[in-house]
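Please read the following note with the sequence and the model open beside it. Each point may be checked against the coordinates in turn.

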Amino acid sequence: MADWNTRLEVKLGDRTITPITNFTPTFNVPHTVVHSLEQDNTGYVRQPFTFTFTMTVPAIASTVADLTELAVTGAEFAVTVAERRGTDWAFNAMKFARCVVTSASPSNVVVDGVPQANFTCMALTVGVED
């Protein structure tokens, strides 16, 4: 059985703001088919891609306040893989850089467990390193 010692984190510069408990990415790479008078489907035009994601973070300490401040000010942050030890992750680094929060949805206070906050974000720079 794999020993998972890695996690996703929200980073602002070199400072870790919070670990991410749930991460749901959405890629959109639109293409428009080009036709001519003589022939259908002669080619395509690639539109700019968009990369959005929803992340859930524990609503503890100043985490939600820090992320809400990033949303209000429009400040950029990064989502990174933090590998504590071992090499069981599928890639060395994920590069979700220049991320911004587009909406926030804090949770209600719960009696048991840690409350969670959801943030919808977009990344302006995306890359994966093997």
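The numbered points below move from the whole chain to single residues.

1. Basis of the note. This is a predicted model, in which local features need pLDDT of at least 70 and side-chain atom pairs count only at pLDDT 80 or more, while totals for chains, interfaces and linings use all residues. Residues are numbered from 1 along each chain as its sequence is written, and side-chain values use heavy atoms, with hydrogens and water left out.

2. Secondary structure. The protein has one helix and nine strands. Helices (H or I, at least four residues) and strands (E, at least two) are DSSP runs, numbered from the N terminus. Along the sequence, the order of these elements is β-β-β-β-β-β-α-β-β-β.

3. Surface and contacts. The accessible surface of the protein is about 8400 Å², and 54% of this belongs to carbon and sulfur atoms. Such areas come from the Shrake-Rupley method with a 1.4 Å probe; for residues, only the protein chains shown count as cover. Of the 130 residues, 27% are buried; the term buried means under 20% relative accessible area, exposed means over 50%, and partly exposed lies in between (1.4 Å probe, protein chains only). A contact means heavy atoms within 4.5 Å. Among contacts with a separation of 6 or more, 63% are between residues 24 or more positions apart.

4. The aromatic residues. Six aromatic pairs are found in the whole structure. Rings of Phe, Tyr and Trp (its six-membered ring) pair if their centres lie within 6.5 Å; planes under 30 degrees apart count as stacked, over 60 as edge-to-face and the rest as tilted. F51 and F53 form a tilted pair, with 5.9 Å from centre to centre and 45° between the planes. Both F51 and F53 are buried. The planes of F53 and F96 meet at 25° and their centres are 6.5 Å apart, so this pair is stacked. The pair links distant parts of the chain, since F53 belongs to strand β6 (residues 50-58) and F96 to strand β8 (residues 93-106), 43 residues apart. The relative accessibility of F53 is 1%, and F96 is buried at 6%. One aromatic cluster is formed by F23, F27, F51, F53 and F96.

5. The cysteines. How many disulfides does the count come to? The count is zero, where a disulfide is a pair of cysteine sulfur atoms within 2.5 Å. C99 is in no disulfide, and the nearest cysteine sulfur, that of C121, is 6.9 Å away. C121 is likewise in no disulfide, its nearest cysteine sulfur being that of C99. C99 is buried, with a relative accessible area of 0%, and C121 is buried at 1%.

6. The residue D66. Is D66 buried or exposed? D66 is buried, with a relative accessible area of 17%. This residue is placed in helix α1 (residues 63-73). Not counting residues up to four places away in sequence, D66 touches R15 and I17.

7. A nonpolar surface patch. F27, V29, F49 and V126 make a nonpolar surface patch of about 340 Å². Patches are made of residues with over 30% relative accessible area and no salt bridge: like charges are joined within 9 Å, and nonpolar side chains (Val, Leu, Ile, Met, Phe, Trp, Tyr) within 5 Å. A salt bridge is a side-chain nitrogen of Lys or Arg within 4 Å of a carboxyl oxygen of Asp or Glu. V29 lies in the loop between β3 (22-28) and β4 (31-34), and V29 is partly exposed, with a relative accessible area of 38%.
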